[in-house]
Amino acid sequence: MEYVALTGISDLVMSELKNHQLRTIEIRTPQNFFTALNVDAGDTVFLTHTSIHDLTRGTTGLIAKVIKHQLSTHRTITGNDMFFEEHETMMIRLQLQTKGIARISNVLSSEVGKETRVVAEDMCFYEAR
């Protein structure tokens with residue numbers, strides 16, 4: 001099945017998702033931001049701790065259902081008598097519910113600035129090694 005892929009997810013987050021805990025993650029990295037921008041509630045995504053540059057056939061990860069998608073902006077203003085500096089950051093919050101483990105059979109797109117897409121097959125527990 002074809003999935004949008006979020007890469008470079010921390011081992012701690014992956015571990016908590018494996019334990020089937022409902023989890024909200026914040027997407028700030030540019031590549032994952034572009035990928036998650038068009039994801040909607042109800043979609044399924046593939047998550048892996050592997051970086052986008054190392055995605056290959058056989059890479060394992062988790063399949064999760066997006067329960068909630070929220071785009072937000074955080075603005076900070078700092079300064080003194082001499083200058084003011086404004087900094088704005090956009091992030092996407094995804095609330096996820098784990099569905100299972102999968103292995104990539106084909107990487108469809110991993111170009112910078114575009115959605116990362118993969119074809120992944122569900123794995124049975126005994127195949128997960």
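Biologist: What covers the buried residues of helix H1?

Modeller: The cover over the buried residues of H1 includes strand S2 (23-27), S3, S4 and S5; a contact is counted where heavy atoms lie within 4.5 Å, and helices (H or I, at least four residues) and strands (E, at least two) are DSSP runs, numbered from the N terminus. This is a predicted model, in which local features need pLDDT of at least 70, side-chain atom pairs count only at pLDDT 80 or more, and totals for chains, interfaces and linings use all residues. Residues are numbered from 1 along each chain as its sequence is written, and side-chain values use heavy atoms, with hydrogens and water left out.

Biologist: Which residues of H1 are buried, and why are they placed on the same side of H1?

Modeller: In H1, which spans residues 11-18, the buried residues are Val13, Met14 and Leu17. They are placed on the same side because they cover an arc of only 100 degrees around the axis, the arc being that of the directions from the helix axis to the C-beta atoms. On the face turned away from that buried side, H1 carries the exposed residues Asp11 and Leu12, and just after H1, His20 takes a positive phi of about 60 degrees.

Biologist: Why does Thr50 count as buried, and why does Gly113 count as partly exposed?

Modeller: The scale calls a residue buried under 20% relative accessible area, exposed over 50%, and partly exposed in between (1.4 Å probe, protein chains only). Thr50 has a relative accessibility of 15%, and therefore counts as buried, whereas Gly113 has 36% and so counts as partly exposed. Thr50 sits in the loop between strand S3 (44-47) and strand S4 (60-79), and, leaving aside neighbours within four places in sequence, it is in contact with Thr7, Gly8, Leu55 and Thr59. Gly113 belongs to the loop between strand S5 (84-109) and strand S6 (117-122), and, with the neighbours within four places again left aside, it is in contact with Gln31 and Phe34.

Biologist: Why does Ser72 count as buried?

Modeller: Ser72 counts as buried because its relative accessibility is 14%. It is found in strand S4, and, apart from neighbours within four places in sequence, Ser72 is in contact with Thr89, Met90, Met91 and Arg93.

Biologist: What is Glu115 in contact with, leaving aside its neighbours within four places in sequence?

Modeller: Glu115, found in the loop between S5 and S6, is in contact with Val4, Phe34, Thr35, Asn38 and Ser109 once those neighbours are set aside. The C-alpha atoms of Glu115 and Leu6 are separated by 9.2 Å, although the two residues are 109 residues apart along the chain.

Biologist: What makes a set of residues a nonpolar core, and how many residues has the largest nonpolar core?

Modeller: A nonpolar core is a set of buried Ala, Val, Leu, Ile, Met, Phe, Trp, Tyr and Cys residues joined through side-chain atoms within 4.5 Å. The largest has 19 residues, and those with the most contacts inside it are Leu6, Ile25, Ile27, Val45, Leu47, Leu94 and Leu96. Strand S1 (2-6), H1, S2, helix H2 (30-36), S3, S4 and S5 each supply at least two residues of this core. Apart from it lies another core, of nine residues, among them Tyr3, Ala102, Ile104 and Ala120.

Biologist: What volume has the largest pocket, and which residues lie nearest its centre?

Modeller: On a 1 Å grid over the protein atoms alone, a pocket is an open set of points where a 1.4 Å probe fits, with protein on both sides within 12 Å along at least five of seven lines, and lining residues have an atom within 4 Å of a point. The largest pocket has a volume of about 160 Å³, the space filled by probe spheres set on grid points that are joined across faces, edges and corners. Ten residues line this pocket, and Met14, Lys18, His49, Thr60 and Gly61 lie nearest its centre. The elements giving two or more residues to the lining are H1 and S4, with the largest share, four residues, coming from H1.

Biologist: How many helices and strands has the chain?

Modeller: The chain has two helices and six strands, running β-α-β-α-β-β-β-β from the N terminus on. Buried residues make up 35% of its 129 residues.
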